[in-house]
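This report is meant for a reader who is meeting the structure for the first time. Please look over the sequence and the model before reading on.

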Amino acid sequence: MSTPVGATMDHRPARAQETPSTTADRRARRDAGNTFTEILVAIVLMGFAVTSVIAGIRMTILVSSTSDEQAKVEAVLTSASDRLSSADYVPCPSLTDGDYAHLVAAAADTVDWQPEQVVIEEILFWDASAGGNVTPEGDPIDADGEWSATNSFIDGSGLCNQDINLTTSRTLQRVTISVTSPDGSTSRSIEVVKSPIVADPGTNP
């Protein structure tokens, strides 16, 4: 077959004509969406994200709760030490009974806790003669002194003798107060030194 003069031949391959079945197959693949594997991976990733968020929320709540307990412990401890500092001097105090114990336990009411959350852990007494020598009269020489569990007001029979004449230093008491939150997560302690000497309210320190 001859080609007209001036005309060019198109040598490109002819495009295959799409049939209705081919178009339907392409549309079906497009509408099929994600595969099961892709959906599973997405679910796993979302699970990790949700777990991280929950862990962060839990940590925030825990920190907030801990801070609240610490604040309450500090408030009770301050109240207990103030009560003990302003209380009358007791020559022979007890850890679990007597004026000191009842005073500090009452501080738990500051935050509506039970009295057993506030306890006196230790009571020591100043021994001015410890760590040195004594004269024949029993007076200490070059003694550094130290806190001791021995109360100088207790006589040889084990009774509290308030009539014993003691120097001021030998009447000093160091009372250790401890406060623990109800859940046991927070505990604090403080030491208060007691003396029978009461400052005159009319004098300036």
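How many helices and strands does the protein have?

## Overall make-up

In this predicted model, the protein contains three helices and six strands, and along the sequence these elements follow the pattern α-α-α-β-β-β-β-β-β.

Of the 205 residues in the protein, 22% are buried, while the exposed surface comes to about 14,700 Å², with carbon and sulfur atoms supplying 55% of that area. When contacts between residues at least 6 apart in sequence are considered, 56% of them join residues that lie at least 24 apart.

## The sheet

Strands of a sheet pair through backbone hydrogen bonds, either parallel or antiparallel. Here, four strands form an open sheet in the order 4-1-5-6, and their pairing is antiparallel. Because strand 4 (146-148) and strand 6 (187-194) stand at the edges and have a single partner strand each, one side of each is left without a neighbour in the sheet. Neighbouring strands of this sheet are turned against each other by 30° on average, with direction ignored.

At one of these pairings, strand 1 (residues 118-127) runs antiparallel to strand 4 and is joined to it by three bridges; D127 stands opposite E146 in strand 4.

## A helix on the sheet

Which strands does helix 3 touch where it packs on the sheet? Helix 3, which covers residues 99-106, touches strand 1, strand 5 (173-180) and strand 6, and the direction of helix 3 makes about 140° with that of strand 1.

Key
Residues numbered from 1 in each chain as written. Predicted model: local features only at pLDDT ≥ 70, side-chain atom pairs only at ≥ 80, totals over all residues. Heavy atoms only, no water. Helix = DSSP H or I, 4+ residues; strand = E, 2+ residues; numbered from the N terminus. Buried < 20%, exposed > 50% of the residue type's maximum accessible area, 1.4 Å probe, protein only. Contact = heavy atoms within 4.5 Å. Areas by Shrake-Rupley, 256 points an atom, 1.4 Å probe, with all protein chains shown as cover. Pairing = 2+ DSSP bridges. Axes fitted to C-alpha atoms, helices over the stretch in contact; angles between N-to-C directions.
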